[in-house]
Amino acid sequence: MKRQRLRQVLVTFAALVALVLFVVAVWLVPWWLDGFRPATVTSEQATIVSGMRTALVATGAGALAVAGLFYTHHTLRLTREGHITDRFTKAVEQLGSAVIEVRLGGIYALERIMHDSVRDHYAVVQVLAAFVREHARDQSAASTPDPPLVSAVARLVERARRRRSHPAARVKPTEDVQAALTVLGKRPEGRREPKNINLSGARLEGADLRGARLDFAELYDTHLEHALLNRAGLWGTNLSHAHLEHADLANTRLPDANLSGAFLTGTNLWGADLSKTKELTVEQVVAARPARTTVLRPDLEASGRVQERIAQYD
């Protein structure tokens with residue numbers, strides 16, 4: 001606040017000095033340029049001096065108009081930034097509402113801010129990712145005060161139970177979580193994002209992520225059972241230990257994606273490009289649903305077990 005006040009004082013002082021210098025210049029410069037003396041000036045010389053003064057005044061007026069334009073632009077920019085800040089604050093407050101319609105309004109308000117403001121793009125991404133992680137996590141596990149070892153065993157038991165569950169048992173994320181995922185997946189391209197989107201551990205079973213931009217995202221241990229990931233951008237995505245059971249990866253490219261320990265039971269790999277994935281094993285491919293259209297690494301394609309599995313779906 002003090003710095004802003006000091007700057008205003010300095011700008012005002014500089015403007016006053018410039019005004020004084022301009023008045024002196026209008027009065028004296030014409031005489032200096034032509035070597036006239038005010039006491040002996042003729043009518044013709046007076047006309048020349050008057051014309052030069054008029055030109056100087058016009059030049060000063062033009063400079064003042066340009067300065068006014070810059071000042072107006074600066075003021076409008078500050079006003080716009082202040083307006084966006086107010087919108088951002090209000091939208092974040094809406095995300096904490098207990099009413100889902102209010103939360104949806106906050107999500108779509110953040111989407112508009114993300115498109116309108118390059119400066120606030122990354123902040124919106126971080127807020128929405130945090131919203132998804134918070135609202136799409138295992139609430140029962142989070143509220144259980146068991147010791148770490150007991151919690152780890154419980155999680156393993158839960159994973160085993162889910163893998164034995166019927167493939168048709170498909171759940172979906174809540175409407176607000178799906179809306180946040182859609183906004184994240186369709187965010188503007190070419191914007192600087194210092195860190196990757198982090199959705200690790202989120203419960204996104206049955207989420208619709210078709211065509212979503214999730215390149216280099218952190219999806220470690222994320223639950224994506226029955227999720228729709230057709231043609232999603234998964235370049236360099238960390239999918240290690242992710243739950244992709246019965247997910248749809250049809251026509252999806254996964255170059256440099258990390259699939260270490262990922263669960264692929266019943267995952268649809270029709271047309272998927274897995275030729276440059278990391279840590280993908282024969283066991284994972286056999287557990288999934290590969291097809292002739294699936295692009296595999298040469299070592300995986302040469303496996304007899306993989307070829308037998310592919311033949312089951314042809």
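Modeller: Asp116 is partly exposed, at 31% relative accessible area (20% to 50%; under 20% is buried and over 50% exposed, with a 1.4 Å probe and protein chains only). Mind that this is a predicted model: local features need pLDDT of at least 70, side-chain atom pairs count only at pLDDT 80 or more, and totals for chains, interfaces and linings use all residues. Residues are numbered from 1 along each chain as its sequence is written, and side-chain values use heavy atoms, leaving out hydrogens and water.

Biologist: Which residue forms a salt bridge with Asp116?

Modeller: Arg87, with the closest N and O atoms 3.4 Å apart; a salt bridge puts a side-chain nitrogen of Lys or Arg within 4 Å of a carboxyl oxygen of Asp or Glu. Arg87 is partly exposed, at 25%.

Biologist: What does the pair tie together?

Modeller: Arg87 lies in helix H2 (residues 43-95) and Asp116 in helix H3, so the bridge links parts 29 residues apart in sequence. Helices here are DSSP runs of H or I, at least four residues, numbered from the N terminus.

Biologist: How many salt bridges does the structure hold?

Modeller: Nine. Among them is Glu193 with Arg187, at 2.8 Å from N to O. Arg187 is buried at 4%, while Glu193 is partly exposed at 21%.

Biologist: And Arg297, buried or partly exposed?

Modeller: Buried, at 18% relative accessibility. Arg297 forms a salt bridge with Asp299, the closest N and O atoms being 3.0 Å apart, and Asp299 is partly exposed at 47%.

Key: Helix = DSSP H or I, 4+ residues; strand = E, 2+ residues; numbered from the N terminus.
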